[in-house]
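Please keep the model open beside them as you read.

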Amino acid sequence: MSPSAYPLITGSDVRRILHSERFLHSSFAQIYYNQTIYRRRECLIEESLLANPSDWTKGEAWFILSRKTAEFLYGDTLEKKQQDIVTEWMLKLGCFSAPDELFAQNAILDERTPPQIRDEIKNDHMYYIKWPRKRSPSSPRKHPYNLHDVNDFWESIQMSGSMFARKFMSPIDAKEMLDRIDSELHSNENHINRIISRMESACVVSQPDCLIPPQNLTDLWFW
């Protein structure tokens with residue numbers, strides 16, 4: 001979990017949901033085709049210099065992973081072929097910006113990855129995050145809004161069906177919001193039902209229509 005995030009349900013309810021029969025073997029991650037990739041000009045990793053990011057995917061660096069998927073991504077498996085997939089992606093991403101937003105997404109969707117892993121990944125990280133509108137490649141949306149203001153964000157957080165929200169940069173400035181989350185969302189069965197509904201409705205990334213296809217080749221930016 002992000003250090004600037006806050007849980008919208010109690011730890012015991014997180015465990016109750018994720019260890020239920022319907023979600024025990026499910027993972028949750030945000031995956032989408034990315035139109036902008038940044039690569040360092042000065043890089044000596046040949047595998048990364050030769051990589052073509054035109055069909056790569058990207059997403060937030062926050063996940064809910066089953067044990068099977070976590071072991072695959074950490075290379076903690078007896079299958080050498082699976083270990084090679086993970087190692088190759090680590091090398092490919094060596095010259096690129098924000099590899100934590102690229103690694104899991106692309107290793108999971110690698111055509112060599114076992115179908116039983118791809119088939120358990122649902123395309124939703126279960127966070128509430130409010131981003132400003134993207135402006136341009138030269139001035140991208142770099143940071144999400146702070147969610148401190150109850151008047152601005154409470155209603156949308158309450159109805160979002162999210163397990164977590166970010167970001168909260170100051171526990172003092174966010175005290176009113178965090179207190180309200182504790183008192184009105186924690187142990188709230190209506191909120192828990194909204195979470196379960198959102199989890200059930202998320203599409204599986206191996207399904208053809210789950211990812212939005214790129215409209216054109218990915219823009220490659222150097223820094």
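**Notes on the disulfides, a helix pair and some backbone details**

1. Let me start with the cysteines: numbering the bonded ones of the chain in sequence order, the pairing runs 1-2, 3-4. A disulfide here is a pair of cysteine sulfur atoms within 2.5 Å, and by this rule there are two disulfides.

2. A word on the ground rules. This is a predicted model, where local features need pLDDT of at least 70 and side-chain atom pairs count only at pLDDT 80 or more, while totals for chains, interfaces and linings use all residues. Residues are numbered from 1 along each chain as its sequence is written, and side-chain values use heavy atoms, with hydrogens and water left out.

3. C43 and C95 are joined by a disulfide with an S to S distance of 1.5 Å. The torsion about their S-S bond is about -65°, so this disulfide is left-handed. C43 sits in the loop between strand 4 (36-39) and helix 2 (46-49), and C95 in the loop between helix 4 (80-92) and helix 5 (103-109), so the bond ties together parts that are 52 residues apart in sequence. Helices (H or I, at least four residues) and strands (E, at least two) are DSSP runs, numbered from the N terminus. Both C43 and C95 are buried; buried means under 20% relative accessible area, exposed over 50%, and partly exposed in between, with a 1.4 Å probe and protein chains only.

4. The other pair is C203 and C210, whose sulfur atoms are 2.0 Å apart. Their link is right-handed, with 75° about the S-S bond. C203 counts as partly exposed at 25% relative accessibility, whereas C210 is buried, with a relative accessible area of 9%.

5. Now to the helices. Two packed helices are described by the angle between their axes and the distance between the axes. For helix 7 (residues 150-159) and helix 8 (residues 175-184), the angle is about 25° and the axes are 11 Å apart. Axes are lines fitted to C-alpha atoms, for helices over the stretch in contact, and angles run from 0 to 180 degrees between N-to-C directions. Helix 7 and helix 8 are therefore roughly parallel to each other, the cut-off for that word being an angle under 35 degrees. Their crossing is right-handed, a term used if the near helix is turned clockwise from the far one by less than a right angle.

6. Which residues in helix 7 and helix 8 meet? V150, F153, W154, I157 and Q158 in helix 7 meet E176, M177, R180, I181 and E184 in helix 8, where contact means heavy atoms within 4.5 Å. The residues of this contact divide into six nonpolar, one polar and three charged.

7. Some backbone details deserve a look. The peptide bond from R166 to K167 is cis, with omega near 15°, and K167 lies in the loop between strand 8 (164-166) and helix 8. M126, although not a glycine, has a positive phi of about 65°; M126 is in the loop between strand 6 (121-123) and strand 7 (127-129) and counts as buried at 0% relative accessibility. S187, also not a glycine, has a positive phi of about 65°. S187 lies in the loop between helix 8 and helix 9 (189-201) and is exposed, with a relative accessible area of 52%.

8. Finally, the chain as a whole. The secondary structure comes to nine helices and nine strands, and buried residues make up 45% of the 223 residues. Among contacts between residues at least 6 apart in sequence, 78% join residues at least 24 apart.

Note on methods:
Angles under 35 degrees count as roughly parallel, over 145 as roughly antiparallel, 65 to 115 as roughly perpendicular and the rest as oblique. Ala, Val, Leu, Ile, Met, Phe, Trp, Tyr, Cys and Pro count as nonpolar, Asp, Glu, Lys and Arg as charged, and the others, Gly among them, as polar.
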